[in-house]
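Welcome, and please open the model in your viewer. We will walk through it one selection at a time.

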Amino acid sequence: MIVVILSDFRLSTFDCIMKGALLVNLGSPKSPDAKDVKPYLDEFLMDKYVIDVPFLLRAFLVRGIILRKRPEKSAEAYKKIWWDEGSPLIVLSKRMFAKVNQQVDIPMALAMRYGQPSILSGLQELHDKGVTEVLLFPLYPQHAMASTVTIEVLAEELRKKHFPQMKFTNVPAFYNRPDYIRELANSIKKSLEFFEYDHLLFSYHGIPERHIRKTDVTKSHCKIDGSCCNTPSPAHEFCYRHQCYETTRQVVELLEIPEGKYSQTFQSRLAGDKWLEPYTDIEINKMPEKGIKKLAVVTPAFVADCLETLEEIAMEANHQFKLNGGEEFLAIPCLNDGDDWCKTVAGWINQWATAEIPV
Ligand SMILES: C=CC1=C(C)c2cc3[nH]c(cc4nc(cc5[nH]c(cc1n2)c(C)c5CCC(=O)O)C(CCC(=O)O)=C4C)c(C)c3C=C
Ligand SMILES: [Fe+2]
Ligand SMILES: [Fe+2]
């Protein structure tokens with residue numbers, strides 16, 4: 001009799017564990033109108049992991065200076081890329097989510113760090129389905145305070161407040177996972193099949209140099225010079241700059257792109273701080289005079305096309321390149337909802353879902 005009770009107890013403990021996954025991307029405003037762009041930018045830029053200065057200074061910079069003019073300017077840019085179904089970033093994330101969801105056996109939810117659907121609503125959705133262990137999956141290949149960390153911190157705050165019994169497993173940046181590199185390389189290869197390029201540019205979202213120093217766990221390695229990112233160090237686990245170089249290096253190696261035919265830059269800087277260099281816009285403008293007339297640009301910091309790829313690169317950089325004497329320009333699409341990419345993501349989730357459950 002005692003044996004039966006014990007085994008029943010073990011069984012019910014085991015049954016209580018239910019796994020689920022929360023996929024999180026950055027988010028977009030509700031509409032491309034300045035009245036909706038303003039609260040979105042306020043939430044985004046008031047995040048202390050994005051503008052990492054003390055609250056009062058941040059509020060002064062964001063609400064006193066940036067939000068006076070930026071919402072109108074950003075709204076104009078959003079209007080140029082907005083689709084009938086909504087923000088490209090949200091629409092593409094939803095399409096990707098739907099395809100991954102079809103190939104995964106555990107409950108899943110999609111959330112955005114800023115705007116809707118929120119991380120809180122995603123966790124609630126999983127909780128309502130009985131999920132007790134969540135795979136928290138930031139959809140960013142490279143680790144940064146302004147991307148991965150802010151998601152992990154907010155999700156943990158919400159967990160403690162609303163779902164204290166839930167457990168999280170965080171998916172780390174996947175910048176060097178062989179199957180990610182393979183998918184990225186394949187997508188570039190496919191795009192370049194019918195584009196004879198002079199040069200391939202890897203353009204990553206920029207961040208202030210200060211962010212690199214802050215995420216340096218050794219507190220001394222990242223000098224942001226010519227060599228630190230190539231010298232082995234525990235700092236690289238969280239170094240955005242190293243991870244960008246590593247993604248580029250591995251893709252270039254796989255595609256056998258010769259030295260001199262590719263380069264790496266950082267885009268989307270805000271005025272004020274010193275951001276990671278070289279800057280995409282400045283380098284692109286100089287390319288035609290160096291003999292680069294046919295330019296292809298890939299943007300591996302984003303898994304879904306968004307304002308930064310569709311407006312800043314495919315429209316603005318394209319225009320500037322040609323104004324400066326460039327002839328042909330190709331913006332390579334992000335991985336988006338490509339079948340093979342979705343299969344890879346589903347594979348990662350399934351691997352975690354079927355891993356042995358500790359009793
Ligand atoms: C201090 C400012 C910013 C940091 C740091 C930053 C880092 C960062 N951002 C992304 C991904 C995206 N950013 C996007 C838009 C965007 N980014 C900033 C500022 C910082 N980003 C602003 C102000 C904006 C809004 C648009 C604008 O006014 O220019 C987007 C696109 C969103 C969309 O709706 O399409 C993405 C994606 C990463 C990965 C990152 C750090 C590595
Ligand atoms: Fe950004
Ligand atoms: Fe480094």
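On this tour, two residues are in contact if their C-beta atoms, placed from the backbone, lie within 7 Å. This is a predicted model: local features need pLDDT of at least 70, side-chain atom pairs count only at pLDDT 80 or more, and totals for chains, interfaces and linings use all residues. Residues are numbered from 1 along each chain as its sequence is written, while chains are lettered from A and ligands numbered from 1 in the order in which they are written.

**Stop 1: the two domains**

Colour residues 2-174 + 339-353 as domain 1 and residues 178-331 as domain 2. These bounds come from an automatic or database domain assignment. Taken over C-alpha atoms, the centres of domain 1 and domain 2 are 25 Å apart. Their contact takes 23 residues from domain 1 and 24 residues from domain 2. On the side of domain 1 that touches domain 2, the elements giving two or more residues are α3, α4, α6 and α13. Helices (H or I, at least four residues) and strands (E, at least two) are DSSP runs, numbered from the N terminus. Select α4 here: with 5 residues, α4 has the largest share of that side of domain 1. By class, the side of domain 1 that touches domain 2 has 15 nonpolar, 5 polar and 3 charged residues. Ala, Val, Leu, Ile, Met, Phe, Trp, Tyr, Cys and Pro count as nonpolar, Asp, Glu, Lys and Arg as charged, and the others, Gly among them, as polar.

**Stop 2: the nonpolar core**

Next, show A21, L22, L23, V24, F137, L295 and V297, the residues with the most contacts inside the largest nonpolar core, which has 95 residues. Such a core is a set of buried Ala, Val, Leu, Ile, Met, Phe, Trp, Tyr and Cys residues joined through C-beta atoms within 7 Å. Helix α4 (residues 88-102) gives the most to this core, with 6 residues. Domain 1 and domain 2 both give residues to the core, so the core lies between them. Now centre on A21: beyond its neighbours within four places in sequence, A21 is in contact with I106, M108, V134, L135, F137 and I349.

**Stop 3: ligand 1**

Which residues come nearest to ligand 1? Of the 23 residues around ligand 1, they are S28, S74, A144, C306 and L307. Three elements to highlight, each giving two or more residues to this shell, are α3 (55-81), α6 (145-162) and α11 (307-310). A residue belongs to the shell, or is near the ligand, if its C-beta atom, placed from the backbone, lies within 6 Å of it. The shell around ligand 1 has 15 nonpolar, 6 polar and 2 charged residues. Both domain 1 and domain 2 give at least three residues to the shell around ligand 1.

**Stop 4**

Select H205 and E308, where UniProt places the feature "binding site" in an unreviewed entry. UniProt positions are given in the numbering used here, feature names are shortened, and annotations may be inferred rather than shown by experiment.

Why can these positions be said to gather at one spot? They span 104 residues in sequence, yet no two of their C-alpha atoms are more than 8.1 Å apart, so they gather at one spot.

Find H205 in strand β5 (residues 199-205). H205 is buried, with 27 other C-beta atoms within 10 Å. A residue is buried if 20 or more other C-beta atoms lie within 10 Å of its own, exposed if 12 or fewer, and partly exposed in between, with C-beta atoms placed from the backbone. Not counting residues up to four places away in sequence, H205 touches Q267, S268, A301 and E308.

Move on to E308, in helix α11. E308 is also buried, with 21 C-beta neighbours inside 10 Å. Leaving aside neighbours within four places in sequence, E308 is in contact with H205, Q267, S268 and F302.

**Stop 5: backbone details**

Most residues other than glycine have a negative phi, and most peptide bonds are trans. The peptide bond from Q116 to P117 is cis, with omega near -10°, and P117 is in the loop between β2 (108-112) and α5 (119-128). Another cis peptide bond joins E277 and P278, with omega about -5°; P278 is in the loop between β6 (262-267) and α10 (280-286).

Then turn to E256, in the loop between α9 (240-255) and β6, where phi is positive, near 55°. Is E256 buried or exposed? With 6 C-beta neighbours inside 10 Å, E256 counts as exposed.

End at N336, in the loop between β8 (328-331) and α13 (339-353). Phi of N336 is positive too, near 45°, and N336 counts as partly exposed, with 18 C-beta neighbours inside 10 Å.
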